[in-house]
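Thanks for coming, everyone. Let me bring up the model and walk you through it.

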Amino acid sequence: MSNNINLLELVSACIDLAEQSGDIIRDVFKSGSLGVQMKAEDDPMTKADLLSQQHIIGGLNNVFKDLIIVGEESCEIPPSTTIPNIHKLDTQKDNLPQQFQSLDPKDLIIFIDPLDATREFTLGRVHCVMTLIGISFKGKPIAGVIYQPFVDKEGHESTREESDKWTGRTVWAIVGMPVESVQDKRAPEDKDKVIIVTTASHYTQKIEESIKKINPDKVIKTGGAGYKTLMVIENRADVYVFPSVGSKLWDICAPHAILLAVGGTLTDPFGKDILYSTDPSLIENKNGIVITTGNHKKYIDLLNK
Ligand code: AMP
Ligand code: MG
Ligand code: MG
């Protein structure tokens with residue numbers, strides 16, 4: 001019997017599970033007991049990262065057979081009773097590109113970052129935190145789900161003192177379908193500026209040199225690969241520059257799919273495409289990443305001059 005998958009049903013399940021993981025992440029944060037462990041120097045993991053990944057993979061495995069899943073955390077997946085809703089997006093059926101209606105699971109890889117921006121999470125800078133679930137097909141991203149637990153439904157950020165406003169926001173996209181959940185958030189005073197967004201936690205001399213080559217009007221340093229990509233998608237920044245080793249495929253698959261759906265581009269700093277694969281030697285984006293929604297070649301040329 002065929003185990004072929006309808007992409008809308010898979011994305012619906014991912015949205016449901018990411019939103020439930022958001023409840024788990026908020027609960028761990030509010031408990032004040034994060035259970036921080038260091039996976040490597042400068043690479044923390046908390047109880048929330050672990051529980052979120054277990055919840056998502058357990059739920060997906062209960063509904064979809066033969067899915068290939070790459071999650072950030074190395075952990076056992078305990079038996080799960082969660083059955084995610086595969087019908088949340090049924091009203092979109094007519095918009096689903098025909099080639100995504102019945103996909104062989106062998107051609108799909110699901111990349112899960114159960115909690116992006118863990119370092120910021122441990123420091124209480126929770127507005128950057130997101131759950132990222134990306135779906136690749138034959139090496140390219142085709143769908144992405146982002147859930148932000150610590151913002152409101154429009155993505156407005158608020159402090160810990162206003163935690164009742166943390167109702168959470170979902171952003172999802174399938175390449176080739178209209179994207180409804182993002183907005184143009186350019187501040188009027190930034191209209192004609194060139195704005196770079198880059199890492200706050202992993203800043204290096206090389207990043208400094210790259211920024212000088214672009215000569216921007218403004219540099220924003222903040223946490224999380226998902227958060228920074230969303231800043232570019234929503235036009236709060238023009239280019240996300242991270243020409244260094246550190247990010248992995250699970251950091252970029254979901255944001256990359258949403259970026260593609262709005263017409264943006266993600267490459268390495270030499271303009272080379274990323275291949276989404278389970279090959280362990282390709283999991284790390286060794287050269288780094290550059291993300292734009294326009295003028296991509298101009299920025300790549302500047303970085304390589
Ligand atoms: P950053 O922009 O520094 O917040 O990094 C974005 C995301 O990439 C982080 O949330 C991590 O998931 C990942 N990352 C980047 N650099 C590193 C690193 N040196 N070690 C581990 N993870 C990293
Ligand atoms: Mg991450
Ligand atoms: Mg993570």
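Angles under 35 degrees count as roughly parallel, over 145 as roughly antiparallel, 65 to 115 as roughly perpendicular, and the rest as oblique. This is a predicted model, where local features need pLDDT of at least 70, side-chain atom pairs count only at pLDDT 80 or more, and totals for chains, interfaces and linings use all residues. Residues are numbered from 1 along each chain as its sequence is written, ligands from 1 in the order in which they are written, and side-chain values use heavy atoms, without hydrogens and water.

First, a helix pair. Helix 4 covers residues 205–214 and helix 7 covers 296–303; their axes come within 8 Å and cross at roughly 120°. Helix 4 and helix 7 are therefore oblique to each other. Which residues meet? Ser210, Lys213 and Ile214 of helix 4 meet Tyr299, Leu302 and Leu303 of helix 7 (contact means heavy atoms within 4.5 Å). By class, that contact has 4 nonpolar, 1 polar and 1 charged residues.

Now the metal. The magnesium ion (ligand 3) has three protein donors: Glu72 (OE), Asp113 (OD) and Leu115 (O), at 2.1 to 2.3 Å. Donors are N, O and S atoms within 2.8 Å of the metal (3.2 Å for Na, K and Ca); water is not among the atoms, so sites may look incomplete. Asp113 also bridges to the magnesium ion (ligand 2), and the two ions lie 3.6 Å apart.

Glu72 sits in the loop between strand 3 (69–71) and strand 4 (108–116), and Leu115 in strand 4, so the pair ties together parts 43 residues apart in sequence.

Buried or exposed, Leu115? Leu115 is buried, with a relative accessible area of 1%. Glu72 is buried too, at 16%. Buried means under 20% relative accessible area, exposed over 50%, partly exposed in between (1.4 Å probe, protein chains only).

Methods
Axes fitted to C-alpha atoms, helices over the stretch in contact; angles between N-to-C directions. Helix = DSSP H or I, 4+ residues; strand = E, 2+ residues; numbered from the N terminus. Nonpolar A, V, L, I, M, F, W, Y, C, P; charged D, E, K, R; others polar.
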